[in-house]
Amino acid sequence: MRAAAGVAFANLALAVMLGAFGTHALQERLAPDQLQVWRVGQSYHMGVAVAVLALFGMPFLTDKAKRGGAWALLAGTVLFAGSLYALALGAPRVAGAITPIGGATWIVTLLVLAVAAVRDKGKK
């Protein structure tokens with residue numbers, strides 16, 4: 001679990017850096033629609049990194065659920081936010097086909113975690 005938490009903290013730092021990079025370095029270089037794509041990716045990147053860290057503070061989830069959920073959410077981040085960053089920087093539009101795979105990964109993971117959170121009523 002330490003590795004997943006470390007990766008989550010690193011992702012949070014990366015999301016902050018990429019937000020600053022988008023604001024300061026890309027604002028003059030990208031078209032407004034490209035910059036908006038960048039910002040959407042960065043916003044979700046940040047939000048999911050915080051969600052991953054929140055997992056570790058939930059005593060009612062098993063370590064297996066925390067670890068698996070963290071890695072799945074981080075994989076979704078690579079697919080979703082990563083594809084949006086690539087699109088903003090000029091990757092072929094086909095790269096956008098990856099974005100919904102990342103979003104679906106997040107949704108499925110969050111639903112599995114929701115079930116895990118309510119499943120074992122004996123834990124507090």
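Colleague: What should I know about the numbering and the model?

Modeller: Residues are numbered from 1 along each chain as its sequence is written, and side-chain values use heavy atoms, with hydrogens and water left out. The model is predicted: local features need pLDDT of at least 70, side-chain atom pairs count only at pLDDT 80 or more, and totals for chains, interfaces and linings use all residues.

Colleague: What span is expected of helix H4?

Modeller: Helices are DSSP runs of H or I with at least four residues, numbered from the N terminus. The expected span is 1.5 Å times one less than the number of residues. H4 (residues 99–119) has 21 residues and reaches 30 Å from first C-alpha to last, close to the 30 Å expected.

Colleague: Which residues of H4 are buried?

Modeller: Buried means under 20% relative accessible area, exposed over 50%, with a 1.4 Å probe and protein chains only. Those buried in H4 include Gly102, Trp106 and Leu113. The buried residues of H4 fall within an arc of 150 degrees seen down its axis, so they line one face; the arc is taken from the directions from the helix axis to the C-beta atoms. On the other side, Ile107 and Val108 are among the exposed residues.

Colleague: What do the buried residues of H4 pack against?

Modeller: Contact means heavy atoms within 4.5 Å. They pack against H2 (32–55) and H3 (63–88).

Colleague: Is Gln42 buried or exposed?

Modeller: Gln42, in helix H2, is buried, at 16% relative accessible area. A polar atom of the Gln42 side chain lies 2.9 Å from the backbone oxygen of Ala15.

Notes:
Helices (H or I, at least four residues) and strands (E, at least two) are DSSP runs, numbered from the N terminus. A polar contact is a pair of N or O atoms within 3.5 Å; within protein, one must be able to donate a hydrogen and the other to accept it, and residues adjacent in sequence count only if both atoms are side-chain atoms.
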